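Please read them with the structure open.

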Amino acid sequence: MSMTTTARDTPSTLSGWLIHWRIDIQLLAALCSCTLLGLFVLYSASGQSDTLVINQAIRLGIGLVGMIVVAQIPPHWFRTAAPWIYVIGLVLLIATLVLGDAAMGARRWLDIGVVRFQPSEIIKLVVPLTVAAYFHERALPPRLPQVLVAALIIGVPVALVVKQPDLGTAILIIAGGGFALFFAGLRWRVIILLIVLAAAAAPLLWFNMHAYQQQRVLTFLNPASDPLGAGYHITQSKIAIGSGGLFGKGWLNGTQAHLNFLPEADTDFIFAVFSEENGLFGVLGLMAIYCFIVARGLFIAVKSQDTFQRLAAASLSMTFFFYAFVNMGMVAGLLPVVGVPLPLFSYGGTSMVMLLASFGILMSIHTHRKLLAT
Amino acid sequence: MAVDDALKNHAAERRLFLARTIAASLVLLILIGLLIARVMYLQVFQHGYYETQSKDNRMRAEVVPPVRGLIFDRDGVLLANNQPAYRLDIVPEQIANLADTIKRLGQIVSISDADKSRFYSRERQTPSFRGTPIRLSLTQPEVARFEVNREQFPGVDIRAGLTRTYPEGRYAAHVVGYVGGITERDLREVDNKRYRGSSHIGKAGVELSYESLLHGYPGSRVVETNASGRALRQLEVHPPQAGDSLYLTLDSKLQKTAFQALGDKDGAVVALNPKNGGILAMASTPSYNPNLFVDGISQANYSRLLNDPHNPLFNRALQGQYPPGSTIKPVMAIGALETGAIQPDKKVWCPGYITLPGSDHRYRDWKRSGQGWIDLTQAIERSSDVYFYKLGMKLGIDNIHSYGTMFGLGKKTGVDLPRENAGILPSRAWKHAHRHRPWYPGETLITVIGQGYMSTTPLQLALMASELAERGHAYRPHILKARRDPKTGLVTAEKPEPLPPIELKDKRHWDIVINAMKGVVNNPHGTAHRYVGHNLKYPIAGKSGSAQVAGLAQNEVAPDLDSIPWRLREHALFIAFAPIDDPKIAVAVVVEHGGGGSSVAGPIARRVIDAYLDEQAANRASATLQASNQSPP
């Protein structure tokens, strides 16, 4: 392990120990408060299931250890490794399409003997890194051919994921890679052109959607049209949030989830449970934590010392925010129902571990800075 | 890279990045603001409304599955019915220990391993507050036993429902098909919303091809529940819309006759109404009992059906592909007449075999002594192979292919039944694509007598017979005659679809060929006269065929039929239509390894045609009788 960048003393205090192990104290504090809060909410949302909370706590532990391990790796390693991991991720995605398990009619899981996991989770993390690595040695803002290469890096896994079919993950991959492009300095007129094109392509996309995906969009536009399906989810989750009021019904007192009116309370719809029990002030507090994490990430990006690090740190931070926004927007009825979990909150292993790994990268970027003459 | 690096302006890039970070932060703030505004709207301004909603949230929406449409034959004889049945549902969320509950249930009603595995696989796909069936079709004693012990099983409930039965059983199994439990694979094909609450879906035959008509649309009801989620009373009902009932073109009496005529042989009979393409009968033997499939067929029964060497699940009428043998000679004759390859009255010398120049391979006639000097009519009547070898040489493979295509060979008929096969009508292009070889002249000779690469389904042969019967104005074969809207009771007839007509340059060519086909049955020299031509009450045209399964060695004498192993015997084929001047039925019969086309397949065709025309005559008579009874004295 490279220890040559900064002088190290033997740690005598906790903060000294944390600095020694290249951990960003502020980020760690925010992440820990968020995930611990998440465990409490999960306990309530799962109908006070010990096993679920213990499972999640174990994954959280694995994720935190993983994050610290990742933080020890010098950032230029990620730059070198990202394209390779990207290629491996693509191969795994194709393997999933060919031999993956079909859960609920979609091929997303790959069984590799020991664990079942979703290769799309790796891809979500590695696409912004690969785009950042691509731009690292190139003059910015990027010229058209380079933008096209970046679009290809993003587009190939998106096409494979759409084929699974998993529209939610596809949108998240586009967001991750898109942020990297944005921070690289993609020209505003191109951005506006893309937005216009996307709006124009919407009808085309519509006709290529699976029936259930079209249904979700229709349901979003008019929840009452399908009171038994996704519309039922949204109606019930709005009742949960709205009945929470300013201060909430209190921990373990939310009725919506506990009486099983609210389906998927412990995964995609956990934000509804949180809002019901903690009210508007709880929601503001949670948003403050999320904002702090993103702000810290952007701060690390601004302070970082090369193009790859800047683009990687900034796009990972914004992607994190995007996940949170899409989930909360969906649960609050602002966005259509797409299967996106609430980061650091929802029950689920791979997503938790991969998110914490991305924060490990941020910590690595921040703690491996060289002293520069100003 | 080095060039790029040289162009990199680090200070400018840092400024650009800072600007972008500020822009991103602004967007972030706007989105957060939007979200907070939304949550505030719900939690502050609409709080009162949602609080009441939450307190009164004792309502739950449930699906009411639709009733599946019935299937009738053309005269209203029931082919697929819905019968009341009881099923046992488990609502997993109301049960603490699922395995234990199922174990205890097993002491009251019989629960097989198949039931359990079906339950667990379906339970995983259903929200836990919805019921999943652990047993279908409970017997009356089982219903009674459960009712007595009901208290011990909270979260388990008996639901009355309907189950599908097929009164005609094996006779119409291949046509009507069957329904079975919905699988994940099925759900990928259909609109999931329509299948909420449903347990069955069409898997074969009409049940599959008209699934979207038969299924109907689910309704919903809103029920008031107690705190534990149990339904107390019904508040609001949107009734489901039952599926359409279907009337098939099938004549179930004729279907039974065809099935019985095949007896214990493996084979198929297809009878079409040449006037509209309606399938009057489509029998495939051996068959199976479709009722076995409805509630999930047992592994033992299923492997018995799958491993049966006679393959009962296979619909030979639609999927079986057999060399048509001499049954295609009338079509080849029309091609030869139209292209001027032959003169109908010109006599041709037909010895027992011919050879091609430069080869000593003998192309034999089925009659080893040869047919002597014969014209086209005699060649069809006696099914001379040598005459047709000579005809084929002049016609050529390209014409064989184009006239075969005209009569529907080598392509799917487009019948409204699933899993139809297309057969093969070879051509130069086909051989190049599939065998990577050029076309050899010898192959033309065996193709023109329906051997070699050529293969056809019994349905295609019946369509070919219809084209001959209607002189090129046949209709697409179909099974759906009409549908009945369950709401209005209105019966809408399906419109038959005419196929592109076959227009001959000289209409008399039809007469020549049809007349020769009449001779096959009626002329004492005709191949089928002995077997089909006795005591005819109507004029009938036919053509026999035998399809070689194993080739004969060059100098081998065709052995006695009974001494050949069954698997190597020829397939027996026969096509026919009647009455010639006003065709009402066109038939194709294939008997696998049956031996002689005329002697084995011919009588089956005759029996089917007899039954149909007799029935029609009887119906006409009773109709006249009724009319005369009703008329005033």
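**Notes on the predicted model**

1. The model is predicted. I begin with a helix and the strands it covers. In chain B, helix 11 (residues 252-262) lies across strand 11 and strand 12, and its direction is at about 30° to strand 12 of chain B.

2. Those strands belong to an open sheet in chain B. The sheet has five strands in the order 12-11-21-20-19, with antiparallel pairing. Strand 12 (279-285) and strand 19 (541-547) of chain B are at the edges; each has a single partner strand, so one side of each is left without a neighbour in the sheet. From one strand to the next, the twist averages 5°.

3. Six bridges join strand 11 (residues 267-272) and strand 21 (residues 585-591) of chain B in the antiparallel sense. A271(B) has V587(B), in strand 21 of chain B, as its bridge partner.

4. Helix 20 (residues 458-469) of chain B also lies on the sheet. It lies across strand 11, strand 20 (571-578) and strand 21 of chain B, at about 145° to strand 21 of chain B. Helix 20 of chain B has 12 residues and spans 16 Å from its first C-alpha to its last, close to the 16 Å expected at 1.5 Å a residue.

5. How many residues of helix 20 of chain B are buried? The count is 12 of its 12 residues. The buried residues include Q460(B), S466(B) and E467(B), along with L459(B), L461(B), L463(B) and L468(B). The cover over helix 20 of chain B includes strand 11, strand 20 and strand 21, and also helix 14 (316-319), helix 15 (329-339) and helix 21 (508-522) of chain B. Just after helix 20 of chain B, R471(B) has a positive phi of about 50°.

6. In chain A, helix 6 (residues 144-163) has 20 residues and reaches 28 Å from first C-alpha to last, close to the 28 Å expected at 1.5 Å a residue. Its buried residues are A150(A), I153(A), I154(A), P157(A), V158(A), L160(A) and V161(A). Residues three or four places apart in an α-helix point the same way, because there are 3.6 residues a turn.

7. Confidence in chain A needs a comment. The average pLDDT of chain A is 83, and 83% of the residues score at least 70. Over residues 1-7 of chain A, pLDDT stays under 50, and the model has five contacts beyond four places in sequence for them. Residues 101-107 of chain A also stay under 50, with 17 such contacts in the model. Where pLDDT is low, the predicted coordinates should not be read in detail.

How values were computed:
Residues are numbered from 1 along each chain as its sequence is written. Chains are lettered from A and ligands numbered from 1 in the order in which they are written. This is a predicted model: local features need pLDDT of at least 70, side-chain atom pairs count only at pLDDT 80 or more; totals for chains, interfaces and linings use all residues. Two strands pair if DSSP finds at least two bridges between them. Helices (H or I, at least four residues) and strands (E, at least two) are DSSP runs, numbered from the N terminus. Axes are lines fitted to C-alpha atoms, for helices over the stretch in contact, and angles run from 0 to 180 degrees between N-to-C directions. Two residues are in contact if their C-beta atoms, placed from the backbone, lie within 7 Å. The expected span of a helix is 1.5 Å times one less than its number of residues. A residue is buried if 20 or more other C-beta atoms lie within 10 Å of its own, exposed if 12 or fewer, and partly exposed in between; C-beta atoms are placed from the backbone. pLDDT is the predictor's confidence in each residue, from 0 to 100.
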